[in-house]
Amino acid sequence: MLASITPLGERGRHNRYPLTMAVFVLGSVGAATLGGLALGAIGSLMLSALPTGLRLGALAAAVLLAIGLDLLPGPVPGPRRQVNEQWLDRYRGWVYGVGFGAQLGIGATTIVTSAATYVAMLAAVLSASPGAGALILGVYGAVRGLTPLLAVRSRTTPQLMALHAALARAAAPVARAGVIALVAVLLAAVVGATA
């Protein structure tokens, strides 16, 4: 995605990068928020009678599993597809911007790079609240939607290549930071479950 929606790429396709990026973010946040609303509603119908401590305990167990999955070598289970790059040649920037954003914002319709995706979805269900579910996944979608902004300064081929080299160097530290974030969520869930 970072190689596709860049100022350089959009200029080459005769599209406006700010517009494509804006609808990408809107698509990502919007789809994630709606998904969280639905998952929170499902949780409210099925789990609202369960004590909060029990729901937080389930979240803690899921986070432990996610940490284990993220520490294992190889990919996290999930879809192996990416967005359809043929859209770049077929549609206007705002069309593929919102479409790619929505697919990435939902989280599990494309390649899942961290089990934290599943934790976010489960947290939306376990919140047992449509509003809380929308907030949880809306924030997740915002993070996913803003990620392509890393390429905002990639206006030439050497700049884009330098960005990709930097991303390759950052892959392992970012993966470790993700596990640390999951550990923080685990601690918060355990404290909440035992309080």
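Which residues does Thr6 touch, not counting residues up to four places away in sequence?

**Entry 1: Thr6.** I found that Thr6 touches Tyr17, Ala151, Ser154 and Leu160, where contact means heavy atoms within 4.5 Å. I am working on a predicted model, in which local features need pLDDT of at least 70, side-chain atom pairs count only at pLDDT 80 or more, and totals for chains, interfaces and linings use all residues. Residues are numbered from 1 along each chain as its sequence is written, and side-chain values use heavy atoms, with hydrogens and water left out. Thr6 sits in the segment before α1 (7-12). I noted Thr6 as buried because its relative accessibility is 0%; buried means under 20% relative accessible area, exposed over 50%, and partly exposed in between (1.4 Å probe, protein chains only).

**Entry 2: the chain.** I counted eight helices and zero strands, with helices (H or I, at least four residues) and strands (E, at least two) taken as DSSP runs, numbered from the N terminus. The C-alpha atoms fill a box of roughly 55 × 35 × 25 Å along the principal axes. Of the 195 residues, 36% are buried. I also saw that residues 24 or more positions apart account for 77% of the contacts with a separation of 6 or more.

**Entry 3: the cores.** Next I looked up the largest nonpolar core, which has 17 residues; Leu59, Val63 and Ile67 are among those with the most contacts inside it. Such a core is a set of buried Ala, Val, Leu, Ile, Met, Phe, Trp, Tyr and Cys residues joined through side-chain atoms within 4.5 Å. Helices α3 (52-71), α6 (116-126) and α8 (157-194) each supply at least two residues of this core, and α3 gives the most, with five. Ile67 touches Val179, Leu182, Val183 and Leu186, leaving aside residues up to four places away in sequence. A second, separate core of nine residues includes Leu88, Tyr96, Phe100 and Leu104.

**Entry 4: Leu19.** Is Leu19 buried or partly exposed? I looked in helix α2 (residues 17-47), where Leu19 is found, and Leu19 is partly exposed because its relative accessible area is 33%.

**Entry 5: Ala175.** My last stop was Ala175, in helix α8. At 47% relative accessibility, Ala175 counts as partly exposed. Ala175 and Leu71 are 104 residues apart in sequence, yet I found them 8.9 Å apart in space, C-alpha to C-alpha.
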